[in-house]
Each structure stands twice: as C-alpha cells, then as structure tokens.
Amino acid sequence: MSVARRSLLLTGATGFVGGAVRPALAASGWRVRCLTRDAARARERARELDWVQGDVSDPSSCARALEGCEAALYLVHGIGEGGDYHTREVAAAANFSRAAAAAGVERIVYLGGVAPDGAGSDHLRSRLDVGEALRSGPVKTVELRASMIVGHGSLSWLIVRDLAARLPVMILPRWLKSRTQPVAIDDVVVALVRALDMPLEPSSWFDVPGPEMLSGKEILQATARAMGLARPRMIAVPLLTPRLSSLWVRFVTRAKWSVAREVVVGLSDDLLAKHDGFWQLIDHPRRLKFADAARLALDAERREGGPVKGAWGAVERARRFTELPA
C-alpha cells in the first residue's frame with residue numbers, strides 16, 4: 001500500500017535557493033507545488049514540475065496555491081524592486097501567513113539574513129522584518145538566518161567570483177575587513193529540509209553559519225586560489241565607502257546593479273551568527289568549508305554555463321593562462 005505524500009508550497013521556486021532545494025524536498029517525500037508569477041514561462045523550462053501562478057502579496061492567489069498544503073517554504077525577497085520594497089515585503093509576508101493559516105498549513109520555513117552588528121542596510125533590515133512578520137503570524141514558523149551563500153547562482157557568490165577572476169589588483173575599502181561566515185548551498189538545503197520536521201513549539205529563529213569566520217579580503221583571496229589564480233594585490237583605501245565602491249562592483253561583475261548595490265552596502269558591518277546550535281539540533285554538525293564550497297560552485301558553473309563570453313571572459317582566460325597561484 002502506498003503512503004500518501006505530504007504537500008508543500010515552494011515560493012521563490014525559480015530562484016537560486018528554490019531550484020537547489022526542490023530535488024531534496026522531493027527526495028524527502030514531499031509533493032512540491034511551485035509558486036511563480038509566470039507559470040506559463042516556468043512550464044516551458046520545466047514541464048515536469050507542478051507550477052501554480054500567484055504572488056505572495058495577493059490573498060486570493062495565495063489561497064489557491066496553499067490549498068491542501070501542510071507546509072510552505074518562503075524564499076521570496078523583493079530586493080531591487082523599487083524604493084519601497086521593505087514595506088511591501090513585510091506586508092506580503094503578513095498576508096502569506098494569514099493565507100497559510102486559513103489553508104491549514106502547519107509550518108512555514110523562511111530563509112532570511114543574519115542580523116548585522118550595526119544598523120545594517122535596508123536589505124538586511126527588510127529580511128529581518130519579514131522574518132518577524134512571519135514568526136508573529138498564526139502559523140508556526142522557523143526562520144533561518146544565513147549570511148553569504150556559496151553556490152553557482154548565488155548573487156553574493158557571483159560578485160566575489162567575478163572580482164577574484166577579473167581583478168589582479170583591487171582597491172581595499174573598509175568593508176572588505178568586515179567578517180562573515182559563508183555557508184555552502186548544500187548545507188542550506190539540508191537546513192531547509194530538516195527545519196520542516198524539527199520539533200518546534202513557539203515560532204523561532206536560528207542562525208545557519210558556515211564553519212569559518214572570514215573577512216571579505218580573505219574570501220576574495222580564497223576564491224582566487226580556488227580558481228588557480230594568483231592572490232589579488234590589494235591597495236588599502238580606507239575612505240572609500242560601500243556606496244562608492246559599489247560603482248566599481250557594477251563595472252566588474254555581472255550581478256544586477258540594483259541588487260548588487262544593496263548587497264555591498266550591507267557589508268559595512270560584521271555579519272556573524274549569534275550561535276550555531278541549529279546544526280546540532282538537526283544532526284548536521286559538519287559543514288563544507290569555504291574552499292570546498294567554492295570549488296563546487298566553480299564546477300557547477302563549468303557544467304551548466306561553460307566559459308564566460310565577451311571581453312571579461314577574455315580577461316579571465318588570459319589571467320588563468322598567465323598567472324600562477326600565490
């Protein structure tokens with residue numbers, strides 16, 4: 001006799017994390033329904049998946065999408081979608097929580113961001129406020145807080161990868177001294193899947209840090225090593241602010257400008273976990289180190305995308321041909 005599979009709504013299904021976690025959810029026994037704003041376009045790319053059209057800010061489409069689901073993964077972020085995205089993100093999260101309660105959803109798992117040591121950027125404050133809105137709602141919610149996620153398709157990884165690949169010499173603004181704990185997408189996927197079934201009484205948040213504390217400078221150096229390149233020479237420019245330095249990030253990287261700017265501004269403060277006990281709670285204490293996660297991301301890039309085209313691709317190939325790692 002077959003066992004009925006539980007149904008789950010995956011929001012942000014077409015994004016980097018959504019695409020990474022979906023196979024693991026299916027392998028864990030979940031029947032996954034994928035929410036997207038353009039179901040027809042999504043079906044063209046992946047006809048085998050269960051797509052439903054809707055928007056987390058729209059109550060009626062949320063109700064349709066959540067019908068029959070026992071759980072939901074909330075992987076939606078509005079960064080770069082206009083100056084008032086903070087307000088809209090929080091309102092959408094509250095709306096989604098109410099719709100989930102009406103549909104009988106038992107748990108929401110949300111992937112947010114680590115709380116900064118200082119004031120932080122609008123982007124970071126928005127992610128934290130979205131988590132609070134979900135946890136304050138009527139459905140039990142697990143909020144997972146990650147800093148930089150390392151994997152092919154991650155925006156923050158793309159910025160780091162492009163800078164390390166393309167600049168043998170770079171200025172070193174203050175924010176590259178800020179520290180963080182990068183976490184591999186493989187470990188994030190484990191965290192999301194296991195958070196769906198972990199014992200939980202009140203709604204709670206947990207940091208999900210990687211195993212190492214690294215500065216931005218150390219991350220760039222380690223990325224260059226993973227690519228077989230010499231360590232980039234860095235010239236300290238202490239007066240260069242994140243907003244100003246985001247201009248050269250715009251020039252060098254392929255990341256969407258409106259989003260990359262928010263990410264760079266958010267690097268003004270340390271992004272460090274308050275604790276890492278979540279990994280013990282889900283029996284996953286061993287996590288990938290940054291160098292291993294970087295190699296996996298680069299391997300995935302080679303498999304899925306091939307060589308970078310255009311002038312910057314030529315620069316990257318020239319550097320790999322002429323340089324030896326330091």
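Visitor: About how much space lies in the second largest pocket?

Guide: The second largest pocket holds about 330 Å³, a volume being the space filled by probe spheres set on grid points joined across faces, edges and corners. This is a predicted model, in which local features need pLDDT of at least 70 and side-chain atom pairs count only at pLDDT 80 or more, while totals for chains, interfaces and linings use all residues. Residues are numbered from 1 along each chain as its sequence is written, and side-chain values use heavy atoms, without hydrogens and water.

Visitor: What makes a residue part of the lining, and which lie closest to the centre of the second largest pocket?

Guide: A pocket is an open set of points on a 1 Å grid over the protein atoms alone, where a 1.4 Å probe fits, with protein on both sides within 12 Å along at least five of seven lines; a lining residue has an atom within 4 Å of a point. Of the 19 lining residues here, Phe16, His152, Ile185, Asp186 and Ala300 are closest to the centre. Helix α12 gives the largest share, seven residues; α1 (16–27), α7 (185–195) and α12 (290–304) each supply at least two. Helices (H or I, at least four residues) and strands (E, at least two) are DSSP runs numbered from the N terminus.

Visitor: Why is serine 7 called buried?

Guide: Its relative accessible area is 11%. Buried means under 20%, exposed over 50% and partly exposed in between (1.4 Å probe, protein chains only), so serine 7 qualifies as buried. Buried residues make up 52% of the 326 in the chain.

Visitor: What joins the side chains of serine 7 and arginine 31?

Guide: A polar contact of 3.3 Å. The cut-off is a pair of N or O atoms within 3.5 Å, where one must be able to donate a hydrogen and the other to accept it; residues adjacent in sequence count only if both atoms are side-chain atoms. Serine 7 lies in strand β1 (residues 6–10).

Visitor: Which backbone oxygen lies 2.8 Å from a polar atom of the arginine 107 side chain?

Guide: That of alanine 195; the backbone oxygen of leucine 196 lies 3.5 Å from a polar atom of this side chain. Arginine 107 itself is in strand β5 (residues 107–113).
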